[in-house]
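These are my notebook entries on one model. I looked up a pocket, a sheet and the confidence values.

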Amino acid sequence: MSKHTSEADVAFIQALAELLNKNELTELSVKREYGEDDSLEVRVVKQANVVTVAAAAPAYAAAPAAAVAAPAAAAAAPAAPEDPAQHPGAVTSPMVGTCYLASEPGAAPFVTIGATVAEGQTVLIIEAMKTMNQIPAPRAGTVKRILVEDGTPVEYGAPLLIIE
């Protein structure tokens, strides 16, 4: 176990996010070594006015790394105080791939903000390994936010949209 505190890691990540914004960078990746088999890897990416922070440290369990990432994301993007992935109505990506909001280019999107959806209704498609995977609504409700743009890459667990 390392002798550094998670508070120091949070301050470090916040400083990286500020550096990203101050210098108008789109991506910043840093590996911080604390000792043998103890490090913190941080990648801060800015996309469409949203800063995503991914932190991984081999010496930590998964929960502390997630706890470190959440405050930095909130501090870096004051316009969005909550993490969309933590929202109870968040629909997250079940896989890595490319997200499409319509069945084909030029077609109407599956859903729009304010649309009412039924449980099981297709809300978007994720292309993975040349296979189009329909993503169903996990619950009935109203689409409050669409968090991805058509044709953007998504990672496993990334928030796609909010249904309330």
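What volume does the second largest pocket have? I read about 170 Å³ for the second largest pocket. A pocket is an open set of points on a 1 Å grid over the protein atoms alone where a 1.4 Å probe fits, with protein on both sides within 12 Å along at least five of seven lines; its volume is the space filled by probe spheres set on the points.

The model is predicted: local features need pLDDT of at least 70, side-chain atom pairs count only at pLDDT 80 or more, and totals for chains, interfaces and linings use all residues. Residues are numbered from 1 along each chain as its sequence is written, and side-chain values use heavy atoms, without hydrogens and water.

I noted the pocket's lining (residues with an atom within 4 Å of a point). Among the lining residues are Tyr 100, Glu 104, Met 132 and Asp 150. By class I found seven nonpolar, two polar and two charged residues there.

I then looked up an open sheet of four strands, ordered 4-11-9-6, with antiparallel pairing. Strands are DSSP runs of E, at least two residues, numbered from the N terminus; two of them pair if DSSP finds at least two bridges between them. Strand 4 (90-92) and strand 6 (116-117) are at the edges with a single partner strand each, so one side of each lacks a neighbour in the sheet.

Last, I recorded a mean pLDDT (the predictor's confidence in each residue, from 0 to 100) of 76 for the protein, with 73% of residues at 70 or more.

Technical notes. Ala, Val, Leu, Ile, Met, Phe, Trp, Tyr, Cys and Pro count as nonpolar, Asp, Glu, Lys and Arg as charged, and the others, Gly among them, as polar.
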